[in-house]
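Subject: Structure handover

Hello,

Here is the structure for your files. My notes on what was found follow below it.

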Amino acid sequence: MWHEWSLGGVLVSPFLPAAVLALALTFGLRALLRAAGLGRWIWHEALFDCALFVCVLGVVVAVLFRL
């Protein structure tokens, strides 16, 4: 079971590093999509970015926390 980390007396959820990792992976995937020319097929970029982040976050949490 994962427990909170204490950093200077502040409890940090283990979900926070997973979210930061997912955000970094999302930025990388978006850069790859733009470089491959697939970015022009995205209708609503903000909605796509949000959906991509949620999908990547789900994968990261499933891998890190073995759900």
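First, overall shape. A compact globule of 67 residues would have a radius of gyration near 11 Å, whereas this protein has 15 Å. Please keep in mind that this is a predicted model. The C-alpha trace spans about 45 × 25 × 20 Å along its principal axes. Of the 67 residues, 22% count as buried. The accessible surface comes to about 5,200 Å². Carbon and sulfur atoms account for 74% of that surface.

Now the fold. The protein has 2 helices and 2 strands. In sequence order they follow the pattern β-β-α-α. Helix 1 covers residues 15-35, and helix 2 covers residues 45-65. I also looked at contacts between residues at least 6 apart in sequence. Of these, 54% join residues at least 24 apart.

Next, the salt bridges. How many does the structure hold? There are 3 salt bridges.

- Glu45 pairs with Arg30, and their closest N and O atoms are 3.3 Å apart. Glu45 lies in helix 2 and Arg30 in helix 1, so this pair ties together parts that are 15 residues apart in sequence.
- Arg30 also forms a salt bridge with Asp49, with the closest N and O atoms 2.6 Å apart. Asp49 is in helix 2 and Arg30 in helix 1, so parts 19 residues apart in sequence are tied together by this pair.
- Arg34 and Glu45 meet through their side chains in a salt bridge of 3.7 Å, N to O. That pair links distant parts of the chain, with Arg34 in helix 1 and Glu45 in helix 2, 11 residues apart.

Salt bridges that share partners join Arg30, Arg34, Glu45 and Asp49 into one network.

How do the network members sit relative to the surface? Arg30 is buried, with a relative accessible area of 5%. Asp49 is partly exposed, at a relative accessible area of 26%. Glu45 is partly exposed too, at 41%. Arg34 counts as exposed, at 53% relative accessibility. The cut-offs explain the labels: buried means under 20% relative accessible area and exposed means over 50%, so Asp49 and Glu45 fall in between.

Then there is Thr26. Thr26 is in helix 1. Is Thr26 buried or exposed? Thr26 is buried, with a relative accessible area of 5%. Which residues does Thr26 touch, leaving out those up to four places away in sequence? They are Asp49, Leu52, Phe53 and Val56.

Last, the surface. Leu21, Leu25 and Leu64 make a nonpolar surface patch of about 240 Å². Leu25 lies in helix 1. Leu25 is partly exposed, with a relative accessible area of 40%. Patch residues need over 30% relative accessible area, so Leu25 passes that cut-off.

If you open the model, I would begin with the salt-bridge network of Arg30, Arg34, Glu45 and Asp49. Then turn to the patch made by Leu21, Leu25 and Leu64.

Best wishes

Technical notes. Residues numbered from 1 in each chain as written. Predicted model: local features only at pLDDT ≥ 70, side-chain atom pairs only at ≥ 80, totals over all residues. Heavy atoms only, no water. Patch = residues over 30% accessible without salt bridge, like charges linked within 9 Å, V, L, I, M, F, W, Y side chains within 5 Å. Areas by Shrake-Rupley, 256 points an atom, 1.4 Å probe, with all protein chains shown as cover. Salt bridge = Lys/Arg side-chain N within 4 Å of Asp/Glu carboxyl O. Helix = DSSP H or I, 4+ residues; strand = E, 2+ residues; numbered from the N terminus. Buried < 20%, exposed > 50% of the residue type's maximum accessible area, 1.4 Å probe, protein only. Rg over C-alpha atoms; globule rule 2.2 N^0.38 Å. Contact = heavy atoms within 4.5 Å.
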